[in-house]
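Hi everyone, thanks for coming. Please take a moment with the sequence and the structure, and then I'll walk you through what I found.

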Amino acid sequence: MIPEDMPELMRAVTIREHGAPEVLTIDYVPAPVPSHGQILIRVAFAGVNRPDALQRAGQYAPPPDASPLPGLECAGHVAAVGPGVTRWKIGDPVCALLPGGGYATHVVTQADHALPIPEGVSLAEAAGLPETCFTVWSNMVMRGGLVAGERFLVHGGSSGIGTTAIQIADALGARVFATAGSDEKCEACADLGAEAVNYRDSDFVEVLRAVGGADVILDMVGGDYLPRNLRALADDGRLVQIAFLQGAKVELNMAEVMTRRLTITGSTLRPQSTLQKARIAKEVYRHVWPMVAAGHLRPVMDSTYSMDDAAKAHARMESSAHIGKIVLEMPGD
């Protein structure tokens, strides 16, 4: 159902040109209308993620059918439902994975990519759940196969992905290790249940080898971390790559992979099909949402910026000084 008072225009953060955070600007753009199987969300908060910054810099083009606006997750209320949608009604509070467009007062997404906001979780916190939970669960568990009793290592433990991965792995019963670049960040990782390794003064390879190696590693660094990750894995271990901040190309000794029966896999979330994202949403709702309800998982919040300060939010993200999630608050009606 599309309300008669739906606005034709909405406020949004647009990318004036590719470049530094300052290219982000506020404009009025046409408001989207949900089609079959979609819902329109009145956005309260939008999560800020590294792919947003990469898109702004011209290093990560959105899929052809996605909104050109940045923003891959949000929380808010259903403002309209498209044909064929029965799960949601206008006014329902939701958080959702988005194909793009979250940095706006309204955004469209597939109805089955949205989830109810867990009890006791604020809208700001809920905006930081979808992208990280979908990414972590689909890679750490669905691809990496992490189970209770295994040793797990996540790099960038103080990031939004890292803090989420630590908590989910700990709730699953794994022994969790995390790397971070300062004592403050290591302390934050330890508070969440990880054995923290400051990569500036310790070698994570030696730390993991001393305990028998990691069964699963979740890595977003890439570059020369790839061969080091292989050395840090236990035999039959699994390396799951979700980003490559230090480069996508590196020399690899496949003999080590073969003789130690190692698995290298990975994925990016945004280009996956709407059907696969819906499958991940069901998995997250079934397995991760109960962790939130039980208090085992809570978004670690770094900072909240107004929509007008999106450039400052991106600068904060790219400084790597943040611990946990950064969100943008959208203006009210």
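Let me begin with a term: a salt bridge here is a side-chain nitrogen of Lys or Arg within 4 Å of a carboxyl oxygen of Asp or Glu. With that in hand, have a look at Asp235, Glu256 and Arg260, which are linked in a network of such bridges. Please keep in mind that this is a predicted model.

Now the overall picture. The protein has 333 residues and a radius of gyration of 20 Å, which agrees with the value near 20 Å for a compact globule. Its C-alpha atoms fill a box of roughly 65 × 40 × 35 Å along the principal axes. You will find 10 helices and 15 strands, and 55% of the residues are buried. Among contacts between residues at least 6 apart in sequence, 67% join residues at least 24 apart.

Back to salt bridges. The whole structure holds 14 of them. One joins the side chains of Asp308 and Arg11, at 2.9 Å from N to O. Asp308 sits in the loop between β14 and α10, while Arg11 belongs to strand β1, so this pair ties together parts that are 297 residues apart in sequence. Asp308 counts as exposed, at 51% relative accessibility, and Arg11 is partly exposed, at 23%.

What about Glu73 and Lys325? Their side chains meet in a salt bridge too, at 2.6 Å. Glu73 is in strand β4 and Lys325 in strand β15, so here the parts tied together are 252 residues apart in sequence. Glu73 is buried, with 0% relative accessibility, and Lys325 is buried as well, at 3%.

Which charged residue is buried yet has no salt bridge? That is Lys185: the nearest side chain of opposite charge, Glu184, is 7.7 Å away. Lys185 is part of helix α5. Setting aside residues up to four places away in sequence, Lys185 touches Ser158, Ala180, Ser320, Ala321, His322 and Ile323.

Next, the interior. In helix α3, 12 of the 14 residues are buried, so this helix is largely enclosed by the rest of the structure. Among those buried residues are Phe134, Trp137 and Met140. Just after α3, Gly145 takes a positive phi of about 70 degrees.

Met140 matters for another part of the tour. The largest nonpolar core has 48 residues, and Met140, Phe152 and Val284 touch the most other members. Helix α9 gives the most to this core, with seven residues. There is also a second, separate core of 27 residues, including Val85, Val107, Met317 and Met330.

Last stop: strand β6. Four of its five residues are buried. Strands β3 and β6 run antiparallel and are joined by five bridges, with Arg42 standing opposite His106 in β6. Leu98 and Gly71 are 27 residues apart in sequence, and their C-alpha atoms are 7.2 Å apart. Beyond its neighbours within four places in sequence, Leu98 is in contact with several residues, including Gly71, Glu73 and Val107. You have met two of those already: Glu73 in the salt bridge with Lys325, and Val107 in the second core.

Definitions and conventions. Residues are numbered from 1 along each chain as its sequence is written. This is a predicted model: local features need pLDDT of at least 70, side-chain atom pairs count only at pLDDT 80 or more; totals for chains, interfaces and linings use all residues. Side-chain values use heavy atoms; hydrogens and water are left out. Helices (H or I, at least four residues) and strands (E, at least two) are DSSP runs, numbered from the N terminus. Buried means under 20% relative accessible area, exposed over 50%, partly exposed in between (1.4 Å probe, protein chains only). Lys and Arg count as positive and Asp and Glu as negative; His and the chain ends are not counted. Contact means heavy atoms within 4.5 Å. Two strands pair if DSSP finds at least two bridges between them. A nonpolar core is a set of buried Ala, Val, Leu, Ile, Met, Phe, Trp, Tyr and Cys residues joined through side-chain atoms within 4.5 Å. The radius of gyration is taken over C-alpha atoms; the globule rule is 2.2 Å times the number of residues to the power 0.38.
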